Amino acid sequence: MGVTTKERIRALYDPQTQTYAPEAMLMAKAIGSSIAKMHDADIVHGDLTTSNMMLRAPEFYETAGVVMIDFGLGFQSNLHEDKA
């Protein structure tokens with residue numbers, strides 16, 4: 001079972017040094033890649049929050065590390081302003 005992005009981001013933060021673990025950059029790239037794939041297919045999520053992203057283990061970030069969930073407000077659009 002995966003964890004939400006919000007839970008993982010919180011776990012990667014070190015309040016003493018006020019920095020994130022290196023895994024956070026891999027996660028950010030995986031999230032961006034997932035959003036780009038949706039937008040390339042003209043899919044707009046409609047409610048994109050960290051609670052609507054499930055993460056797999058870090059070794060899968062490059063291929064399918066982020067799974068978007070809850071497309072209740074999602075729609076199809078080829079307009080650029082809908083994807084901003």
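**Loops, helices and surface**

Colleague: In which loop is Gln18 found?
Modeller: This is a predicted model, and the place of Gln18 is read from its secondary structure. Gln18 is found in the loop between strand 2 and strand 3.

Colleague: Is Gln18 buried or exposed?
Modeller: Exposed means over 50% relative accessible area. Gln18 has a relative accessible area of 61%, so Gln18 is exposed.

Colleague: What is the phi of Gln18?
Modeller: Most residues other than glycine have a negative phi. Gln18 is a residue other than glycine, yet its phi is positive, near 55°.

Colleague: Where is Asp70, and what is its phi?
Modeller: Asp70 sits in the loop between strand 6 (66-68) and strand 7 (75-76). With a relative accessible area of 45%, Asp70 is partly exposed. Its phi is positive, in a residue other than glycine, and lies near 60°.

Colleague: What is the pattern of helices and strands along the sequence?
Modeller: The protein has three helices and seven strands. Read along the sequence, they follow the pattern β-α-β-β-α-β-β-α-β-β.

Colleague: How do helix 1 and helix 2 pack, parallel or antiparallel?
Modeller: Helix 1 covers residues 5-12 and helix 2 covers residues 23-40; their axes are 10 Å apart, at an angle of about 155°. Angles over 145 degrees count as roughly antiparallel. That makes helix 1, relative to helix 2, roughly antiparallel.

Colleague: What is the handedness of the crossing of helix 1 and helix 2?
Modeller: The angle between the two axes is about 155°. Where helix 1 passes helix 2, the crossing is left-handed.

Colleague: Which residue forms a salt bridge with Glu23?
Modeller: The count of salt bridges comes to one. In this pair the closest N and O atoms are 2.7 Å apart, and the partner of Glu23 is Arg8.

Colleague: How many residues apart in sequence are the parts that Glu23 and Arg8 tie together?
Modeller: Glu23 forms a salt bridge with Arg8. Glu23 lies in helix 2 and Arg8 in helix 1, so the pair ties together parts whose separation in sequence is 15 residues.

Colleague: How far apart in space are Gly32 and Val66, C-alpha to C-alpha?
Modeller: Gly32 lies in helix 2 and is partly exposed, with a relative accessible area of 36%. Gly32 and Val66 are 34 residues apart in sequence, and in space their C-alpha atoms are separated by 9.4 Å.

Colleague: What distance separates the C-alpha atoms of Pro22 and Leu12?
Modeller: Pro22 is in the loop between strand 3 (19-20) and helix 2, and is exposed at a relative accessible area of 72%. Pro22 and Leu12 are 10 residues apart along the chain, with a C-alpha separation of 8.4 Å.

Colleague: Which residues make the nonpolar surface patch of about 260 Å²?
Modeller: Patch residues need over 30% relative accessible area. Tyr13, in strand 2 (residues 13-14), has 31% and is partly exposed. The patch is made by Tyr13 together with Ile9 and Tyr20.

Terms used:
Residues numbered from 1 in each chain as written. Predicted model: local features only at pLDDT ≥ 70, side-chain atom pairs only at ≥ 80, totals over all residues. Heavy atoms only, no water. Patch = residues over 30% accessible without salt bridge, like charges linked within 9 Å, V, L, I, M, F, W, Y side chains within 5 Å. Areas by Shrake-Rupley, 256 points an atom, 1.4 Å probe, with all protein chains shown as cover. Salt bridge = Lys/Arg side-chain N within 4 Å of Asp/Glu carboxyl O. Helix = DSSP H or I, 4+ residues; strand = E, 2+ residues; numbered from the N terminus. Buried < 20%, exposed > 50% of the residue type's maximum accessible area, 1.4 Å probe, protein only. Axes fitted to C-alpha atoms, helices over the stretch in contact; angles between N-to-C directions. Parallel < 35°, antiparallel > 145°, perpendicular 65-115°, else oblique. Left-handed = near helix turned anticlockwise from the far one by under 90°.
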